[in-house]
Amino acid sequence: ILAKPFQKPRPEIVGTVVAPFSPGVVLMGRRDFHPLSANFLLSKHLRSHWQNYAKGKAESGEKANVDDWRVARTIFVADDDAVARRYGCDDPNSPYRHYFANMFAKMKRSNRLYVFKSHKEQPDEEITLDWVMQNCVTFGSVNKVTDAILKLREETGDFGELVYAGLDWADPALARRSLQLMAEEVTPRVNTAISKFAAAE
């Protein structure tokens with residue numbers, strides 16, 4: 001027996017977009033796959049994903065729906081900025097630093113440092129682990145992270161979902177607190193700000 005999907009015509013198919021100006025997301029638009037922009041890309045490149053996705057949808061005779069676009073970000077929220085900077089960036093034992101140290105090493109070995117660059121001509125020498133941490137991790141207290149997400153939205157334009165990238169819980173209490181602050185403090189503030197902005201328009 002060949003089982004058929006319960007959903008009609010099929011379950012939602014989501015694909016990760018892992019490069020700036022990715023041409024693959026055009027094909028995703030043509031095939032009605034939904035894009036998820038990777039958490040290790042600079043935010044300034046994310047708008048290109050939506051533009052290419054919309055192009056692919058148009059080529060298939062359809063209009064792209066912004067609700068179908070997900071944006072992943074690496075986020076750590078703490079009760080104060082000093083703790084956030086330590087655990088989310090500077091501490092050698094930080095799971096965030098560990099994750100991006102591995103990503104950085106892999107991209108460097110495979111000659112793909114361009115995923116971390118702000119522009120194509122940026123010299124490889126400028127792409128250091130500290131550069132990657134400062135540009136790819138959103139860390140801070142509630143107010144700082146809220147402001148960063150709203151700034152991200154200004155840069156990318158509207159998107160359907162913000163995906164909180166999961167990392168190892170080196171400190172379970174801090175990791176759990178980050179999720180709690182994200183759910184109970186940051187997200188409501190972001191949604192309220194977006195609603196006020198929409199109403200003003």
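The report below goes from the whole chain to single residues.

## Basis

This is a predicted model: local features need pLDDT of at least 70, side-chain atom pairs count only at pLDDT 80 or more, and totals for chains, interfaces and linings use all residues. Residues are numbered from 1 along each chain as its sequence is written, and side-chain values use heavy atoms, with hydrogens and water left out.

## Whole chain

The protein chain has 7 helices and 5 strands. Helices (H or I, at least four residues) and strands (E, at least two) are DSSP runs, numbered from the N terminus. Read from the N terminus, the order of elements is β-α-β-α-β-α-α-α-β-α-β-α.

The C-alpha atoms fill a box of roughly 50 × 45 × 45 Å along the principal axes.

Buried residues make up 42% of the 201 residues. Buried means under 20% relative accessible area, exposed means over 50%, and partly exposed lies in between (1.4 Å probe, protein chains only). The accessible surface of the chain comes to about 11,400 Å². Carbon and sulfur atoms hold 53% of that surface. Areas come from the Shrake-Rupley method with a 1.4 Å probe; for residues, only the protein chains shown count as cover.

## Helix α4

Helix α4 covers residues 95-109. It has 15 residues and reaches 21 Å from its first C-alpha to its last. That is close to the 21 Å expected at 1.5 Å a residue, where the expected span is 1.5 Å times one less than the number of residues.

At the start of α4, a side-chain oxygen of S94 reaches to within 3.1 Å of the backbone nitrogen of Y96. Y96 is itself buried, as are P95, R97, F100, M103, F104 and M107. Which elements do the buried residues of α4 pack against? They pack against β3 (70-77), α3 (81-90), α5, β4 (137-140) and β5 (161-164).

N111 follows α4, and its phi is positive, near 60°.

N111 lies in the loop between α4 and α5 (129-136). N111 is a residue other than glycine with positive phi. Its relative accessibility is 62%, so N111 counts as exposed.

D32 is another residue other than glycine with a positive phi, near 65°. D32 sits in the loop between α1 (24-31) and β2 (34-37). D32 is partly exposed, at 30% relative accessible area.

The peptide bond from K8 to P9 is cis, with omega near 0°. P9 belongs to the segment before β1 (14-17).

## Salt bridges

Side chains of opposite charge can pair when their charged atoms come close. A salt bridge here is a side-chain nitrogen of Lys or Arg within 4 Å of a carboxyl oxygen of Asp or Glu. By this rule the count comes to 13 salt bridges. The table gives some of them.

| Pair | N to O distance |
|---|---|
| D32 and R10 | 3.6 Å |
| R30 and E59 | 2.6 Å |
| D91 and R86 | 3.7 Å |

What does the bridge between D32 and R10 tie together? D32 lies in the loop between α1 and β2 and R10 in the segment before β1, so the pair ties together parts that are 22 residues apart in sequence. R10 is partly exposed, with a relative accessible area of 29%.

The bridge between R30 and E59 links distant parts of the chain: R30 is in helix α1 and E59 in helix α2 (residues 46-59), 29 residues apart. Both ends are partly exposed: R30 at 44% relative accessibility, E59 at 42%.

In the pair of D91 and R86, R86 is partly exposed, with a relative accessible area of 39%. Salt bridges that share partners also join R10, D32, K57 and E62 into one network.

Notes: Contact = heavy atoms within 4.5 Å. Polar contact = N/O pair within 3.5 Å; in protein donor to acceptor, adjacent residues only side chain to side chain.
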